[in-house]
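Please read them alongside the coordinates.

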Amino acid sequence: MTALLEIENLSVALKNGPRLLRSVSLRLDRGEVRGLVGESGAGKSMIGKAVLGILPRSAEVVEGRILLEGTDILTLPPAERRRRIGRIAALIPQDPLTALNPSHRIGPQITDRLVDILGWKREKAEARALELLAEVNISAPARVMRNYPHELSGGMRQRILIASAFAAEPALIIADEPTTALDVTVQKQILKIIAGMQARHGTALLFVTHDLGVVSKVCQSLSVLYAGKVLEDTQVADFFRAPGHAYSAALLAATPKYTDPEGSLMPVGPEVLAAVQAEVDAADREWRHV
Amino acid sequence: MDLLARFLIRLFSTAITLFGVAVIVFTVVRVVPGNPIAMMLPPGATPADIVRLKALYGLDKSIPQQFVIWFWGVLHGDFGTSISLRQPVLGLVLGRLPATLELATMALVMAILIGGASALTAVRFRGTQIETGIDVANGAALSIPDFLWGLLLIIFFGVLIPLFSISGRISPDLQLNFETQFYLIESIVRLRFDVTANLLAHMFMPALALALPLAAIIGQLLKQSLKETMELDYVTLARTKGYSETRVILREALRNAILPTLTLTGVQFTFLIGGTVIVERLFSYEGLGNMAIDAVVNRDLPLIQGIVICFAVIFTAVNLVVDLTYAALNPRLRHA
Ligand SMILES: Nc1ncnc2c1ncn2[C@@H]1O[C@H](COP(=O)(O)OP(=O)(O)OP(=O)(O)O)[C@@H](O)[C@H]1O
Ligand SMILES: [Mg+2]
């Protein structure tokens, strides 16, 4: 069966600069939940951006393929690529405070894509939005639809963004650290909502996080990233039993209870870091020779 | 704060500003060299004639006394009598004001259209030769002042390729017996589109000359804030939804990017109105600015005062409109 998402040997580099992603390969089947872990700057978001076609203007794909439902989106003309990505994938962003348009009401921010891209009737799209808002535990969905973002709390806005991501029933959702910008108390609720939505809708999820505790609860498979290189690609159960890379083992050891409330620092010993950096450098040398 | 209270405070501060303008202009025109009486004396006038004329126009009293008399009249709608034209100042100013308002508004519309279109095009094609080309054009438009644009336009479209009229507000043979001074609006309301076309042909070059520098400012600033807005999270998120780049620019970015441009356009529009003085002269356009130059040349003190007050009222009105539009466009202010 063709995978829902298959990334093959993807390298992304700054224009005339160093590689940010180093020959990344990654596969996601329908309904699968895969964690993407790595320290800050490892390139987790960059993978999501490449898949969603929103790489920064300073970066470009220098090799590899990104197959969405079997089609390499990198070879499609821009307009078609946009439409295809919009139909298949959606993003739950990291910071709910900046991810909603301040000058539009909530309603259209959920329904517009249904109406304008998928050609739904406005009433149908609005009914659907109300349904989804109720599903993410928003108690007065009709009122919230008429609110502006600044009238709502961060937790509310993140629920709205989750509802919006599921609106068009995408096959793939990329959640980029969807709870790091929120209060600790709200984080758990949001995580539960995402997990619940994922289970009900059967959506495949690429879950970017720092938090191995979250990975153990939500994900089935896992990719460990360091300096834009995938060090390990494994099942979650195997990972926690016996991590397949010294770096992964150090990560795991550094977070004994699999919880990392700050969610940013994962102290890893200097020897391990030196070893993994050597691995990355070797990969770079080899890459330049081909 | 509630909107009405804000409006009342604004109104009050506006009144104080206008009073300040009145005091300053009244004093300045009386202390700078140049004597209105000397300008109107017939050859061979006696000192007695001078005294008589001075008394006639109230110029024999001290400046504070003169001011009180004049200001009392202003409060009752009497701005005095023009020395050179021998008619009430208020009627003269109101008679010319519509011509200038039509010209300035036309220039503003052109500036917004040209500037807006150039900014949107540059952002749509950012990072390409098209953006560079637009930047260069904007730089040129900005470095040439409005009256020089007027001269260049006269040379190109008036003399070399005579497409447009270069003088006046309307062809003399086209007299419509206008009932108002708002010729353009009236011709449209009366469905006399031949007259409208004639008016537009006269207005085109002076309006364009006034518009180009402002268009460049609008174009550059709007482009800059659009480009910044295009990098924000909510725009990036919208991009993943499958919208076209054009739609993302127009629907997601434009409204949030436009506020700084709006404020600056308000300020710059007052400069544009100031520019009408020379540009109207250049194109013999019968507006307030043209009249202002005559008034200064003739040292027509009451008329100068009336025109300056009129410009000051326009400036404060423009600022008020900008503030209100700003509030209307910004949901955070609207609900505050
Ligand atoms: N717009 C950009 N221009 C240049 N370099 C960038 C840009 N965005 C990210 N990078 C670089 O790309 C690398 C990967 O960044 P990325 O945002 O994917 O990291 P991340 O794993 O998501 O980290 P975090 O956990 O902090 O979100 C980093 O070294 C970062 O400095
Ligand atoms: Mg990130």
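How many Å separate an oxygen atom of ligand 1 from an N or O atom in the side chain of A:Ser40? In this predicted model, the separation is 2.5 Å. A:Ser40 also belongs to the group that comes nearest to ligand 1, together with A:Gly41, A:Lys44, A:Ser45 and A:Met46, out of 14 residues around the ligand.

Two further pairs of atoms involve ligand 1. An oxygen atom of the ligand lies 3.2 Å from a backbone N or O atom of A:Ala42. A nitrogen atom of the ligand is 3.1 Å from an N or O atom in the side chain of A:Ser58.

Chain B can be taken next. Its secondary structure consists of 14 helices and 0 strands, and its C-alpha trace spans about 85 × 55 × 40 Å along the principal axes.

One helix pair in chain B can be followed in detail. Helix 7 of chain B covers residues 146-160 and helix 9 of chain B covers residues 193-230; their axes come within 8 Å and cross at roughly 135°. Because of that angle, helix 7 of chain B is oblique to helix 9 of chain B. The crossing is right-handed.

On the helix 7 side of chain B, the contact is made by B:Asp146, B:Trp149, B:Gly150, B:Leu153, B:Ile154, B:Phe157 and B:Gly158. Helix 9 of chain B contributes B:Met205, B:Leu208, B:Ala209, B:Leu210, B:Leu212 and B:Pro213. Sorted by class, this contact has 10 nonpolar, 2 polar and 1 charged residues.

Key. Residues numbered from 1 in each chain as written. Chains lettered and ligands numbered in written order. Predicted model: local features only at pLDDT ≥ 70, side-chain atom pairs only at ≥ 80, totals over all residues. Heavy atoms only, no water. Axes fitted to C-alpha atoms, helices over the stretch in contact; angles between N-to-C directions. Helix = DSSP H or I, 4+ residues; strand = E, 2+ residues; numbered from the N terminus. Parallel < 35°, antiparallel > 145°, perpendicular 65-115°, else oblique. Left-handed = near helix turned anticlockwise from the far one by under 90°. Contact = heavy atoms within 4.5 Å. Nonpolar A, V, L, I, M, F, W, Y, C, P; charged D, E, K, R; others polar. Near = heavy atom within 4 Å. Polar contact = N/O pair within 3.5 Å; in protein donor to acceptor, adjacent residues only side chain to side chain.
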